[in-house]
Amino acid sequence: MRLARVDAKVRPMSATPNRELADGSVPIRKRRSTASPAGGERWERPRPAEPTIAAAAGAVSFGVVAAALTLATAAWFAVAVNSIVLIALVHYARQAQEELAHSRTRLAAAAEDARRRVVRDLHDGAQQRLVHALITMQLAERELASDGDAARKLLDEAIQQAKAANRELRDLVRGIRPAMLAREGLPGALGSLAAGMPIPVDTDVAVRRFCEPVEAAAYFVAAEALTNVVKHADARHASVRAHTIARELVIEVHDDGVGGARPHGSGLVGLAERVAAFGGRLRVESPPGRGTLISGVIPIP
């Protein structure tokens, strides 16, 4: 539909050209087209108005505020990082101090453990052989008047025990466990130990080689138990058995003596401490008149 030509002058809607309306739009204004031969008119929307000075000032203020916030954030972040680093350094310093104190404690404990181990080795090894030799010589003295051959055999046994004790003392000074244990493990060492007893001792030791501390602990459990059999059990027969269950080595010594062994005696307490040092346990069953069973369970590393 064509627009009618209007000759009257149109008063502008605003004194300022291209002024924005209240809703943000720009009013449409009329201009004559110079390109149209008919001299017709057409309507067009003028270009938006340029930003005002107030808008520019607002943008500058926002930039200043943003910059200030950025600087404040950076300063806070730097302070936070420095605080974290300082806290970490203090923590590490305290940790190092505590570790040093623990190291000193461990060194002192290790020295005390070494001393106790030497005491146990002397008590369970050479000392027990010397006690065995002394008891055997006393028996020989009793037999000397009535049976010379029996007395001679007992004296020979006592001499062998004294020699074995001397070897064990020498090995202990050198920091070595019994030579037979080092060479052949538990089967050979326990077999040699049983062969030197004054009563028959059967052995059933079908185990592999273990680390030296575990083998030494098992050996001394058997040595102490057999010495107690000779000293207190009044037994006619004993047996030594060693086997493994899962990751544990079990060493058992059983006799047919009078029983009634005291689990809290000094010898058995020392054995319990030796086994407990490996995280193991010692069990003593000794009903009166029915013999004694000593069982040591030692975890295998």
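A residue is called buried when its relative accessible area is under 20%, exposed when that area is over 50%, and partly exposed in between, as judged with a 1.4 Å probe and protein chains only. By these cut-offs E248 is partly exposed, with a relative accessible area of 24%.

The structure shown above is a predicted model, in which local features need pLDDT of at least 70, side-chain atom pairs count only at pLDDT 80 or more, and totals for chains, interfaces and linings use all residues. Residues are numbered from 1 along each chain as its sequence is written, and side-chain values use heavy atoms, with hydrogens and water left out.

The overall architecture comes first. The chain has 301 residues, of which 30% are buried. Its secondary structure consists of five helices and seven strands; helices (H or I, at least four residues) and strands (E, at least two) are DSSP runs, numbered from the N terminus. Read from the N terminus, the order of the elements is β-β-α-α-α-β-α-β-β-α-β-β. A contact is defined by heavy atoms within 4.5 Å. Of the contacts in the chain with a separation of 6 or more, 62% are between residues 24 or more positions apart. The chain exposes about 20,100 Å², 60% of which is supplied by carbon and sulfur atoms; accessible areas come from the Shrake-Rupley method with a 1.4 Å probe, and for residues only the protein chains shown count as cover.

pLDDT is the predictor's confidence in each residue, from 0 to 100. Its mean over the chain is 76, and 68% of the residues reach 70 or more. Among the elements, strand 5 has the highest mean pLDDT, 96, while strand 1 (residues 29–32) has the lowest, 48. Over residues 1–20 the pLDDT is below 50, and this stretch has 18 contacts in the model beyond near neighbours in sequence. Residues 30–36 likewise stay under 50, with 14 contacts beyond four places in sequence.

The interior can be considered next. In soluble globular proteins, nonpolar side chains tend to be buried together. A nonpolar core is a set of buried Ala, Val, Leu, Ile, Met, Phe, Trp, Tyr and Cys residues joined through side-chain atoms within 4.5 Å. The largest such core here has 38 residues, and L186 and L190 have the most contacts inside it. Several elements each supply at least two residues of this core, including helix 3 (179–195), strand 3 (201–205), helix 4 (212–233) and strand 5 (248–255). Helix 4 gives the largest share, 13 residues. Beyond its neighbours within four places in sequence, L190 is in contact with T203, V205, Y219, A222, V240 and I251.

Charged side chains form a further set of links. A salt bridge is a side-chain nitrogen of Lys or Arg within 4 Å of a carboxyl oxygen of Asp or Glu, and the structure holds six of them. One joins R152 to D149, with the closest N and O atoms 3.0 Å apart. These two residues are separated by about one helical turn because they lie three residues apart in helix 2 (residues 148–173). Another salt bridge pairs E248 with R281, the closest N and O atoms being 3.4 Å apart. Since E248 belongs to strand 5 and R281 to strand 6 (residues 281–285), the pair ties together parts that are 33 residues apart in sequence. R281 is partly exposed, with a relative accessible area of 46%. The side chains of E285 and R283 also meet in a salt bridge, at 2.0 Å from N to O. Both residues are partly exposed, E285 at 37% and R283 at 38%. Finally, a network of salt bridges links D204, R241 and E252.

Two residues other than glycine have a positive phi. D234, with a phi of about 55°, lies in the loop between helix 4 and strand 4 and is exposed at 64% relative accessibility. A246, whose phi is near 55°, is found in the loop between strand 4 and strand 5 and is exposed as well, with a relative accessible area of 77%.
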